[in-house]
Amino acid sequence: MIDLCAHLTIDRLGQRGEGIAQTAEGLVFVPYALPHETIIAEIDGERGHLAEILTPSTERIEAFCPAFTQCGGCAVQTLAMASYAQWKRGLVVEVLRHACPDTKIAPLVDAHGDGRRRATLHARLSLEGQAPAGTMQVGFMRARSHALIALTSCPLFAPTLSSALPATLALAQTLAALLGPKIKPFDFIVTTTLTGLDIDLRGAGPLSKAVNEKLSSLALKLGLARLSNHGVVLLERETPLVRIGRWNVALPPGAFLQATEAGEAALASRVVAALAGRRKIADLFAGLGTFSLPLAESAQVHAFDLEQAPLTALAKASHAPGLHPVEVERRDLFRRPLATELAGYDAIVFDPPRAGAEQQARALAASVVPVVVAVSCNPQTFARDASILRAGGYDLREVTPIDQFRHSPHVELIGVFERQPQKKKRRLLG
Ligand SMILES: C[S@@+](CC[C@H](N)C(=O)[O-])C[C@H]1O[C@@H](n2cnc3c(N)ncnc32)[C@H](O)[C@@H]1O
């Protein structure tokens, strides 16, 4: 229940980018307020709604997006870039403070580059009160809500992704006209590729032949490279190819891809530098080969992933001149982590999904592999897995935070673990 308007002073930015004020009643979280600002906020429990800024921060800048405060993305866009970079690096510092107190955290690497080449867009019928009610809209979700904010453009997209919003709106409207009011909310994964836009529908369920035909002919008119429905191809005008390092790789529908080209390059160059001179490398959670391909210029690489389609695309791409062909293996590394096999490698790359890979980390901690490079999109699970590796006798000297998701609280990180032969393994955690 909304209580009263209060004068607050913001102390710091929180994990989600909201201003935090310390009050006699406890912490109050105020989205869009910045550190050192004095504000008036409407208080509702521990949440504050920014009503007025009395003393703006000297670090406050103009929001660049007209959907700021409505769209759920880009919560931190009114903070000057140097302070923004400090806040984002601080998210990693805070999480690793206890797990890895002696690890140096490098400055944040800006990896926005040309912008996002991949995004998930949502399609929903407009609600009552929105004009005109009952029509299809496409965009991102509103901040702290299940409602949609309809968008016609997004300033964070790479220029090559700018056609994704009009194209998905046309597809969504056609689907709504064909299915009628029984249509459920659904999403699109959109990716810009060398051969055009690749769109994968998610959550629409199986569609009839007639609907598939209508969508396919629209996809052709829109000039899409491919349209698929949860991985099932409806139309492929040209194989969508993505550039990974210096190699073209055929992108399977919906396969994982680093969100920006600059992010991929920033991560890959650090993995390659850390593993210079290593001859036999296992790439765990390899996907399309963001790390396997550049490593295969100088090493034998064995790539593991749960998904066969990206592994097949990676294996094919690795037959390019100048690369050692990458050996691929489909394997569920959560259920069956690499264990005794680890002895056959002189380095491991480890890039699990957000949940991390605790069992694989335990197997690595018990191994004799001299170096493990860990890449992560989740500082919390990275910290847990890093503790396991450190308890197993690995040193983690430095972690580098990498910013592909500018203005959001998401951050990637990369850490290089080296086994110290003279160090006795401490008892494994857990
Ligand atoms: C964060 S992505 C990294 C992909 C790749 N390293 C890259 O940078 O492009 C995580 C990968 O883990 C794979 N994955 C998810 N669950 C898995 C599991 N249980 N076993 C093996 N691989 C899994 C996904 O298919 C995805 O390719």
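Modeller: An axis is a line fitted to C-alpha atoms, for helices over the stretch in contact, and angles run from 0 to 180 degrees between N-to-C directions. Helices (H or I, at least four residues) and strands (E, at least two) are DSSP runs, numbered from the N terminus. This is a predicted model, where local features need pLDDT of at least 70 and side-chain atom pairs count only at pLDDT 80 or more, while totals for chains, interfaces and linings use all residues. Residues are numbered from 1 along each chain as its sequence is written.

Biologist: Thanks! How do you know whether H1 and H8 are roughly parallel or roughly antiparallel to each other?

Modeller: Helix H1 (residues 81-99) packs against H8 at an angle of about 25 degrees, with the axes 9 Å apart. Angles under 35 degrees count as roughly parallel, over 145 as roughly antiparallel, 65 to 115 as roughly perpendicular and the rest as oblique. H1 and H8 are therefore roughly parallel.

Biologist: Which residues of H1 and H8 meet?

Modeller: From H1 come Leu91, Val92, Val95, Leu96 and Ala99, and from H8 come Pro379, Gln380, Ala383, Ala386 and Ser387. By class, 8 residues in this contact are nonpolar, 2 are polar and none is charged. Here Ala, Val, Leu, Ile, Met, Phe, Trp, Tyr, Cys and Pro count as nonpolar, Asp, Glu, Lys and Arg as charged, and the others, Gly among them, as polar. Contact asks for C-beta atoms, placed from the backbone, within 7 Å.

Biologist: And why are H7 and H8 called roughly parallel?

Modeller: Helix H7 (residues 358-365) and helix H8 (residues 379-391) have axes that come within 8 Å and cross at roughly 15 degrees. That angle puts the two helices in the roughly parallel group, so H7 and H8 get the name. H7 also passes H8 in a right-handed crossing. Touching residues include Glu358 and Arg362 of H7 and Arg384 and Asp385 of H8. This contact has 6 nonpolar, no polar and 4 charged residues.

Biologist: Now the strands. What makes E9 and E10 a pair?

Modeller: Strands pair if DSSP finds at least two bridges between them. Strand E9 (residues 118-125) and strand E10 (residues 136-141) run antiparallel and have 4 bridges. Arg124 stands opposite Gln137 in E10. E10 is also joined to strand E11 (residues 148-150) by 3 bridges, again antiparallel. E10 and E11 form a hairpin with 6 residues between them, and Arg144 in the turn has a positive phi of about 45 degrees.

Biologist: Last one: why is Thr9 called partly exposed?

Modeller: A residue is buried if 20 or more other C-beta atoms lie within 10 Å of its own, exposed if 12 or fewer, and partly exposed in between. Thr9 has 16 such atoms, so it is partly exposed. Thr9 sits in strand E1 (residues 5-9). Leaving out residues up to four places away in sequence, Thr9 touches Ala21 and Thr38.

Terms used:
Contact = placed C-beta atoms within 7 Å. Left-handed = near helix turned anticlockwise from the far one by under 90°.
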